[in-house]
Amino acid sequence: GFQEKIELDVSWLRLSQRGALYHKNNNNPINAFSNLSILLFPPSSIFPWEAKPFIGVDSYYLLHSNSASIIPHQVPIYSNKSLQVLDTHVLNMKVGILVNRFKLSFRWGNLLKYPIRNSNSTKPLQSINELEVEWQFWN
């Protein structure tokens, strides 16, 4: 298989993309994954105030293999039993404001409402929206 990583960081945009494809004949729990992260914020020339708004989008894609699975109602929970191939795609979005060492943001989880599963025997995870408040303290 192979892996890749791409990053771009300019004054108003941060872009990061990572991904991998694995050999299907190995016993890897996943066959492929991709993570894309985009963060947009206005440059100081357009938005000169101390408070800086931002918007971010994260995309996660996993292609689970059919050679391994999690079965929570048996011991051990990890099984090499061949099951149906599952894929998961999650798209999250965040908007907020940065002021000095303070960040206030709201995050919408799983905008596509795609079922998040890692096995045929588990129920999909529910999407979660959240308000985040972060402070950074200096020693």
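Visitor: Leaving aside neighbours within four places in sequence, which residues is Gln17 in contact with?

Guide: Contact means heavy atoms within 4.5 Å. With neighbours within four places in sequence left out, the partners of Gln17 are Glu4, Lys5, Ile6, Ser34, Asn35 and Leu36.

Visitor: Good to know. What are the ground rules for these values?

Guide: This is a predicted model, where local features need pLDDT of at least 70, side-chain atom pairs count only at pLDDT 80 or more, and totals for chains, interfaces and linings use all residues. Residues are numbered from 1 along each chain as its sequence is written, and side-chain values use heavy atoms, with hydrogens and water left out.

Visitor: With which side chain does the side chain of Gln17 make a polar contact, and at what distance?

Guide: A polar contact is a pair of N or O atoms within 3.5 Å; within protein, one must be able to donate a hydrogen and the other to accept it, and residues adjacent in sequence count only if both atoms are side-chain atoms. For the Gln17 side chain, the partner is the side chain of Ser34, at 2.9 Å.

Visitor: Is Asn110 buried or exposed?

Guide: Buried means under 20% relative accessible area, exposed over 50%, and partly exposed in between (1.4 Å probe, protein chains only). Asn110 has a relative accessible area of 4%, so Asn110 is buried.

Visitor: And Asn100, buried or exposed?

Guide: Asn100 is not a glycine, yet has a positive phi of about 50°. Its relative accessibility is 62%, so Asn100 counts as exposed.
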